[in-house]
Amino acid sequence: MVTRMKILIIEDDIEAAAYLAKAFREAGIVCDHASDGESGLFMASENSYDVLVVDRMLPRRDGLSVISELRRKDIHTPVLILSALGQVDDRVTGLRAGGDDYLPKPYAFNELLARVEVLGRRKGTPEQDMVYRVGDLELDRLSHSVRRQGKEIPLQPREFRLLEYLMKNAGQVVTRTMLLENVWDYHFDPQTNVIDVHVSRLRSKIEKDFDLPLLRTVRGAGYMIKDDRTATA
Amino acid sequence: MSKIGVLFRTTAVRLSALYLILFSLCAAFLVFYVTGMSERLLQQQTRDAVTAEVTQIEQVYTRAGINGLLRSLERRARQPGANLYVIAGPSGEILAGNVASLEPGLLDREGWTDKPFAYQRYTDETRQDSHVALAHVLVLDNGLRILVGRDLQEPQKFRALVRQALMVALGIMGIGALIIWFAIGRNALKRIDRMSEASTKIMAGDLSQRLPMSGSGDEFDRLSESLNAMLERIEKLNEGLRQVSDNIAHDLKTPLTRLRNKAEAALARKGTSQRGALEEIIGESDQLIRTFNALLMISRVEAGSAAAEMSEVDLSQIVSDCVELYEPVAEDVGLRLEADVEPGMVISGNRELVGQALGNLLDNALKYAEGATDPQIKVSLGKRDGKVFLSVADHGPGVPEDKREDVVKRFVRLDESRSKPGTGLGLSLVEAVMEMHHGDLDLAATDPDAAENGKGLTVHMVFPPPAS
């Protein structure tokens, strides 16, 4: 059985932190809170967390310096940076400081939750898995081929990468922005539902001739690929 | 005094004064050193010559006795430019030689005179015409004293001449420096006065003022030029800021009011599920956040803070990525997205921002060309006149020529009813991005000859030629 994920929120806005902690607990995630940089750094060094959610602007020690200090101490807990500064260059500086993901404020909680879950899972997922499997769907990363029930499904390169990312995070919700970031490697706001159309094309290819749906739309959040029969995660 | 005082406080004058002093000290040291050294050398030569003569005289005395010595001295004394020769009795009275008078007591001691001494020659007319010499005194066994000396006038004249030349040169330098200080300093002061006059006006709020330029292209002009460029930028940013705050007040009030109305309406519906209303409210606030993000992004791009993140980017790749990203959506709404991309087009730019800008253009094209008779949207990338053109052409209703400048402004939307979703900021961001890339944004009709409301719109993003 999967153990419950444990995260630390370092955020000086008490109200926002309380809301986040409550929402994370409802999602089944154990949640600690530190309200300034120094105590956050202390807690993150003393305890073991799966993910750190760090606000960029903090009293006593700013978020980026907390992260670089942790990395200097050889603590490599995945970090998600929250920031009111949401522009391209801020993201770059945040990731350069050692952050693993960056979410500008204001954000939808579903977006944050999805990203935290993917980051927390990252520790356990061996990147070197050559074949991803969800139910009867198989994706071979080496030969770039996809099969379902042993039948080859031809995919465009981008569709392959889209499915690869979804399957890498099988059982997790991935949001539209996460898809744009990880599959297309862009961080801008595409305004229209471009991602949805790509996903629905992919869905029709992998589900058209089969009974069991695998790729689900999670309302108000994003997408998830999952085999309902095995009920993993 | 105050004028001179101000003058002295200018950097040019201070520096030149410092250089003048340093140079004078060096020159003075050099001259004194050179004259001192050469004097010592000349004295050494004098001593050597005198010593040689004394040795000869001693030899003559031992060989030919007193008479031979006297004859020899007589001969030597008569030669032109001769050395000094004195033969004196044991008590010091001068018996023969070419010297009229000597400092008293000079002949008492055998050997070199301690220091140069004054004497007079027979040829001298007055007592003022005294000479200075260095001499060696020889005492013979019969008590006679013989003095052999050499005049020091030449080296002393030489030294005096060099020192005089130094004084004159320093004087000329000083006067020259004063004149140059005055000319440069006064000119500089005048121009600085004009500049501070202009900046006082600017500080008082008249941002359209510019610093004066003389047109000579010197450092003051260069300074004025860059300050003027800075002012231009400030003026523009200021203008943009004012426009934005006006527009924010106007355009954000509308969705906020809508948001409030929805919340109120939901509150009024007692008892029933408010889920739907809450979802609508979240949707509405997401749209607001999106508008804010776009606004912030525009002002950040305009402020140039993202310029630091410029690098070599493959524009062809970005265009292919975006076309690929939007292609399915286009197909969904019955449009055909076509790309004509010249490969390997590398520019200096920001990948994310160019991607966002192109995304905005494609988004607009999809929104406004939906249902057009010609479903083609063509994205082309190529070089023309050395510049890189990235164009998106649709066959939708287009933008009337007189509105083309307006649509780029923030919050300006031609569609008054606002039936299509959007922030009204898309093109503003594209323009800001193009400005950041030192490029241009051009709007044109795709089919200029078509009927009104069917001309289509072509937007060109024109990038400067890549620096190779």
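Analyst: In the hairpin of strand 6 of chain A and strand 7 of chain A, which has two residues between the strands, G135(A) takes a positive phi near 60°. This is a predicted model, in which local features need pLDDT of at least 70 and side-chain atom pairs count only at pLDDT 80 or more, while totals for chains, interfaces and linings use all residues. Residues are numbered from 1 along each chain as its sequence is written, and chains are lettered from A and ligands numbered from 1 in the order in which they are written.

User: How many bridges join strand 6 of chain A to strand 7 of chain A?

Analyst: Strands (E, at least two residues) and helices (H or I, at least four) are DSSP runs numbered from the N terminus, and two strands pair if DSSP finds at least two bridges between them. Here four bridges join strand 6 to strand 7 (residues 137-140) of chain A, and the two run antiparallel; V134(A) has L137(A) as its bridge partner.

User: Which residues have the most contacts inside the largest nonpolar core?

Analyst: In soluble globular proteins, nonpolar side chains tend to be buried together. A nonpolar core is a set of buried Ala, Val, Leu, Ile, Met, Phe, Trp, Tyr and Cys residues joined through C-beta atoms within 7 Å. The largest one has 110 residues, and those with the most contacts inside it are I7(A), L52(A), V53(A), L315(B), Y326(B) and V433(B). Helix 7 (residues 351-369) of chain B gives this core its largest share, ten residues. A second, separate core of 21 residues includes I87(B) and V99(B).

User: How many residues of chain A are in contact with chain B?

Analyst: Two residues are in contact if their C-beta atoms, placed from the backbone, lie within 7 Å. By that rule, 20 residues of chain A are in contact with 25 residues of chain B. Helix 8 of chain A gives the most to the side of chain A that touches chain B, with four residues.

Terms used
Buried ≥ 20, exposed ≤ 12 C-beta atoms within 10 Å, placed from the backbone.
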